[in-house]
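Subject: A structure for you to explore

Hi there,

Here is the structure I promised to pass on. Please open it and keep it in view while you read my notes below.

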Amino acid sequence: MLIASQMEPTYARRVYPCFDEPAMKATFNIRIIHDPSYVALSNMPVIDISEVKDENGSLWTVTTFNTSLKMSTYLTAFVICDFDYVTRTERGNEIRIWARKEAVKNGYVDYALNITGPIFSFLEDMLNVSYPLPKTDLVALPDFGAGGMENWGLMIFQEASLLSLPSDEFTSKKAMITFIVSHELGHQAREWFGNLVTMNWWNDLWLNEGLASYFEYLGATFVEPKLSLDKIFYDHVVQPVLREDSEIARSLSVNEDKIKGSFSLMSLFDNITYSKGAAITWMLSGFLTERLFIRALTSYLKEFSFSNANQDDLWTHIQMVVDAQDEVWLPAPVKQIMDSWTCQNGFPVLTLNLTTGTIRQEQFFNKNNRKSTDSYNNTWIIPISWMRNGSLQPLTWLDKSSKMFSEMQMSESEHDWILLNVNLSGYYRVNYDQINLKRLAHLLESDPKAIPAVSRFQLIDDVFALTDFGYVPIETALELTKYLAREDELFIWNAVLSNLIPNTLESTLKNHEVYPLLKKYLLKRMLPIYHYYAGFIRQNVDALEDDYFAQVYLEKLLATACWLGLQDCLDLSSELYAKWRDNPENKIPFLIRRTVCCYGVAVGSDKEWNFAWEMYNRTDRTEEDEDILLNAMSCAKETWLLYRFLQYGLSDTLFYSNCTSVIISHVVTKDIGHRIAWEFVTENWPLLNQGYGHELLHDVLKVMGRFVKTDVQIQELQVFYNATLEEDEREAFTMLLESAKLENIEKRKLLIKVADWLEKNIDD
């Protein structure tokens, strides 16, 4: 048995009567009556434990906690459990980490204990604020909806976010724990967010979470110096949210009257709040300099501790700090600059004409489906960090819709080039003119390291995003991939591969004339980085434990090499799989297990498949093994094996543990599996419908939609679902397939262009 609370945003009112608003702060006296074999935890330290008898004469324990500091209702918390803990004291603050007894005994929480104290101290020193509570508990729950929750003095995590096996030397697992712990501690040290200073109301939630996300990365790279702050921040925070932000119609700070009832309140806990909030903070800290930014935060914190503030209060404090010095110059008041980023939807794209030195801004939107009625006349006040021919130039600003920068006019020389938004200091995309892009492409081919790694990533990410949204033709993006044989950064390769071969296209690309061209073009460029990593995998995979991006992205590189039919990659997968089959102690290296198992089965016969099935049925497998093996068995190249796999899925044990739908969804995404899975679903529909209902059909049809190019193909699917679905659902599916068809026709046109370009450039 276990009880734990989660009050944010509006659940405290379900636990005790209260005015459940973040601005209404109070002190709390908490007392919990519980079974004597359990321990009770709350925000504050225990001051008394006594016994009480109930009317049946049974004994209960009464745990009383000290009066809390003044705080918001959403931060009150309690846990009743029979866990164990490990503890250490950092600057008088007792830190305890609680988890299931066996997890503590096996040392699974040691890593989290080792980093918690140092991150706390780092944040305290940086912000010049001392932590106001005498203790901090971190609890790992077997099941918890969020990654972590920052209740003051009693932080709650899901096990995966806090436990690390001592054998997990792998940085990526530890890095994830570091990021999550660091994020929640950022709330604790109460920089300006959360407990010490709370937003006036939820519409400024981004102040809370955006700042915690920003400090999460500073704290994490402080305790794990091997993590590269700017690469990880761009790759994990900025790039994904730029992709999302152009599709979402909401600004960072939302008008109070827009949020009615707690339903839309929950929707604020999204990537815009967390990641865009962090990216905007990163930009702010960049143009202010970190020194002034932290100085302003510290003064803000001192003034508003134990009370409430909104974003304007923060801008006022930053303004005071800016006014008191003369090194940093701003083109407008802080509030005006920052409101342009927090109160408007989306973000700008800068379009350059470097013959004249003109830069103009507009909102970045999808030109392919623009409605003439949409008006996008937003302007932002944009900090522009830039370099010319490799040397950094003074920061400049674009504060109107367009402006001429004479210092940016380019000369005739091939070797004169300009790069904007260096290391992604600003939250926007850049659309270069053809002349400068050509020069950058040549520079990449002759000396890729002349452009910083984060800027190379950004160049590629921007140009593919501009292609998707109809600003530039696909050929422009492809020109920037010619240099890749000289690219040794996995996170950049990952950006290229995710754009060229997105997961949704994998199964359909194989049947297209672009495949052999892509194979020749990409493999030629992938070989250097592939062989570099394959060497480690064969000889000494442990040497990669500090290479964070290898932990995260080596799998995609390897999977692509195998998918493109690179013989060495297929051989490597068979070798490692065979070793594992001969002796299950010869584990496949963790970071490439999924790919090796898939291709081990694909290249093998029924023997390899049967071994995967046998391992799947072992009792000591973990959830991760389970998914890897189910996926591997769907990689088989023999149709009868796939049929048998789907049949096995109907056995009672798999059927009742929800695995049947997982098996179907793995098989349906494979190039030979999608027809087989579809036939299987239609033949066994009465049974499947009873177990999984229409959700399964929806998932299967969504994948089938990737293959639909004609009305005849749609009709074939319709025949089936017209007979099985209610009318309103039929309409929804028909619309889903219609839009899939149009998308596929567009994709086809695009692939023909890609194929033409590859034909011409294949031998460069």
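Is the crossing of helix 6 and helix 7 left-handed or right-handed? In this predicted model, helix 6 and helix 7 cross in a right-handed way. Their axes lie 10 Å apart, at an angle of about 140°. That angle is why helix 6 counts as oblique to helix 7. On the helix 6 side, the contact is made by Y217, L218 and T221, and they meet L229, I232, F233, H236 and V237 of helix 7. Sorted by class, this contact has six nonpolar residues, two polar ones and no charged ones.

Now turn to the other pair, where helix 6 (residues 205–223) meets helix 3 (residues 110–127). Here the axes come within 9 Å and cross at roughly 120°, so helix 3 is oblique to helix 6. This crossing is right-handed. Helix 3 brings I115, P118, I119, F122, L123, M126 and L127 to the contact, while helix 6 brings F215, L218, G219, F222 and V223. By class, 11 of the residues in this contact are nonpolar, one is polar and none is charged.

Finally, have a look at helix 9, which covers residues 271–288. From its first C-alpha to its last, helix 9 reaches 25 Å, close to the 26 Å expected for its 18 residues at 1.5 Å a residue. Helix 9 is mostly covered, with 15 of its 18 residues buried.

Enjoy exploring!

Best wishes

Notes
Residues are numbered from 1 along each chain as its sequence is written. This is a predicted model: local features need pLDDT of at least 70, side-chain atom pairs count only at pLDDT 80 or more; totals for chains, interfaces and linings use all residues. Side-chain values use heavy atoms; hydrogens and water are left out. Axes are lines fitted to C-alpha atoms, for helices over the stretch in contact, and angles run from 0 to 180 degrees between N-to-C directions. Helices (H or I, at least four residues) and strands (E, at least two) are DSSP runs, numbered from the N terminus. Angles under 35 degrees count as roughly parallel, over 145 as roughly antiparallel, 65 to 115 as roughly perpendicular and the rest as oblique. A crossing is left-handed if the near helix is turned anticlockwise from the far one by less than a right angle, and right-handed if clockwise. Contact means heavy atoms within 4.5 Å. Ala, Val, Leu, Ile, Met, Phe, Trp, Tyr, Cys and Pro count as nonpolar, Asp, Glu, Lys and Arg as charged, and the others, Gly among them, as polar. The expected span of a helix is 1.5 Å times one less than its number of residues. Buried means under 20% relative accessible area, exposed over 50%, partly exposed in between (1.4 Å probe, protein chains only).
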